[in-house]
Each structure stands twice: as structure tokens, then as C-alpha cells.
Amino acid sequence: MAINWFRFSSPATFYPLAGKLVPWFATGAAALAAIGLYVGLVVAPTDFQQSDAYRIIFLHVPAAWMSMFLYVVMAGWSAIALGYNTRLSAMMAQAIAPTGALMTLIALTSGAFWGRPTWGAYWAWDARMTSELILLFLYLGVIALRNAIDDPRRADRACGVLALTGVVNIPIIYFSVQWWNTLHQGATVSLTKAPAMASIMLTGMLIMSLAAWLYAIAAVLARVRTIMVERERGAAWIAALPEVRSA
Amino acid sequence: MSAFLAMNGYGFYIWSAYGIAALAVVVEILLIRSHRKAVLAQARSTVSGPAPRSAVVTE
């Protein structure tokens, strides 16, 4: 039986679906984070070069991956919203920006606390750090631009254009370690080569990455529900919601 | 336990990084919750307000 996915492209049908999914993703994120932290902080051995400082990797790399990935997803929803004028796509893009900014912030701060003991400085204007900082400014710019425009549909279009323009920064972050001489090392994990790290460390990092994925999905779905209520209040389907009627 | 927390002298850096991340996640969850409460209250007052609006066509 084919599922009619377009049925869920309307806020009225997506709202309850998202509400059912949030606890599952949130619980999965919490469970995986607990396992991942145990593997990363307790099970994984001390590194022979970096001692225990390397343990920041279990936080830093998943957050950095998510910060880039969420931006691409946000830009993708923005492109759909601009092309088809679909309001749920624009709401998804709006809901992703704060979680993307959060992941970028975690990547930058964990990187600073890793850089100090290993490179001798909390911050350096290395190509990858600088482009990741620009990513944070892009997220904050998208959020600020939305807050500056009263009409939500106009804000959708303006934020969509800004988000799409900013996509150029993503390959710059990703390839910065190849294009320039940076403090950052080249990719340790890639799809084409065997990973250049111990398998238990890799396992911990992948579990934490999965936890970050599930957390981001839960946060974005929870936020998009809030955005729906905010933007569609007055619509019949909002008035009919039990959580609105019950008061 | 204290050896675990000390992390061979890197404890300050490791726990600062993880602590800030945990704090940021908690703040995000609380912000989403408080925003949800606020918009639901707003929606209720729209529904039961003095001049109830009929269904608004949004598309």
C-alpha cells in the first residue's frame, strides 16, 4: 500500500504526526547519548598521542557534522518553499535554524576546549574554524532576519534567499582542510577509505553522531509544532486541537 | 572516580566542553517548552477572545 506523503505536507496533518514522533526521537537520542558517552569517556582507551584530551572528539565531530548537515537541510526546505510556495517547507526551514546554530556553537566551543591543550590556543584563524564561525553567523543572520520582518510569508522568502546564498559556505568548511594548510587534520573518517582511527573510538563517535541526529530531529519537530500553532492560530484546525480547547 | 574526573590533567577542558554542550541542549529544550506554552495560550485567547475569528484561510 502506497503512503500518500503529500497528505503530510499540510500543517493540519503533520502537526499530530510530529507530536507522535517527538518522544520516540527524544528517547532514542537520550539512550544513544548515554551509551555513546559511556563508550567515549569510559570504555575507549586513552590515546597514545593526545592522552585523554582527544575524548572531546565524541562531542566535537558529531556536532560539527550536524551543523553542516542541518544547514544543507534548512537550505533544501528553503528551496522547496521558494519554488513551490509551500508553507510547511518554510516552517521546517524556520524550525531548523536554532538547532543548527546550537550544533555550530557546540562544535566551536568544544573545538576551543580541544585546541587549548593540543594546539596551545583556544582560538586560531584557521580556515576551518573561520568558516565554521561564518556558519554560526549565517544561522544567526537567518534567525535575526526573520525576527526583523513582520509578515511571515515575506520573512520565509527573505530567509530562504539568505539560506540558499549561504550554502556556498558548506563546501568551504568541508574542503578547507584540503584547500588550505590548516591546524585541522584531514578527514579521519571518509566513505572511500578505511577509517584511520581505532574501532572503539569510531564506534563511540558514530553512536554520538546518531544521538545528535535523533536529538536534532526531535528538537526540530517539537519546534515546528510550536511554529505551526503560532503562525496558523485562528485557523479552524488549531482551534479544534485538544490542547487549545481544553483551557 | 577522581582519576576519571581528572582525565590525566585534561579534566578541565573535557568537562568544560561537555558541560557547555549539555547546558546548551537543556536551554534549547526549555526555550522550546516555554515558547510552546506561550503560543498555546495565545491560540486559546484567539479562540475564546471577545471577537472570535472564523477559520482563517492561510494558503
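Predicted model: local features only at pLDDT ≥ 70, side-chain atom pairs only at ≥ 80, totals over all residues.
**View 1. Overall build of chain A.** Chain A contains nine helices and zero strands. Along the sequence the order is α-α-α-α-α-α-α-α-α. Taken along the principal axes, the C-alpha atoms of chain A fill a box of roughly 65 × 40 × 35 Å. Of the 247 residues in chain A, 43% are buried. When contacts in chain A between residues at least 6 apart in sequence are considered, 77% of them join residues at least 24 apart.

**View 2. Helix α7 of chain A.** Helix α7 of chain A covers residues 199–232, which is 34 residues. At 1.5 Å a residue the helix should span 50 Å, and its end C-alpha atoms are 49 Å apart, so the two values agree. Burial is counted here as 20 or more other C-beta atoms within 10 Å of a residue's own. By that count 25 of the 34 residues of α7(A) are buried, so the helix is largely enclosed by the rest of the structure. A:Gly234 follows α7(A) and has a positive phi, near 100°.

**View 3. The loop holding A:Ser51.** A:Ser51 lies in the loop of chain A between α1 (11–43) and α2 (57–84). Its phi is near 55°, a positive value in a residue other than glycine. The cut-offs for this view are 20 or more neighbours for a buried residue and 12 or fewer for an exposed one. A:Ser51 has 15 C-beta neighbours inside 10 Å and therefore counts as partly exposed.

**View 4. The loop holding B:Asn8.** In chain B, the loop between α1 (2–6) and α2 (11–48) contains B:Asn8. B:Asn8 is not a glycine, although its phi is positive, at about 55°. Because B:Asn8 has 11 other C-beta atoms within 10 Å, this residue is exposed.

**View 5. Contacts between chain B and chain A.** On the chain B side, 27 residues are in contact with 35 residues of chain A. By class, the side of chain B that touches chain A has 16 nonpolar, six polar and five charged residues. The contacts in this view are pairs of residues whose C-beta atoms, placed from the backbone, lie within 7 Å. The size of an interface is often given instead as the accessible area lost when the parts come together.

Notes: Residues numbered from 1 in each chain as written. Chains lettered and ligands numbered in written order. Contact = placed C-beta atoms within 7 Å. Nonpolar A, V, L, I, M, F, W, Y, C, P; charged D, E, K, R; others polar. Helix = DSSP H or I, 4+ residues; strand = E, 2+ residues; numbered from the N terminus. Expected span 1.5 Å × (residues − 1).
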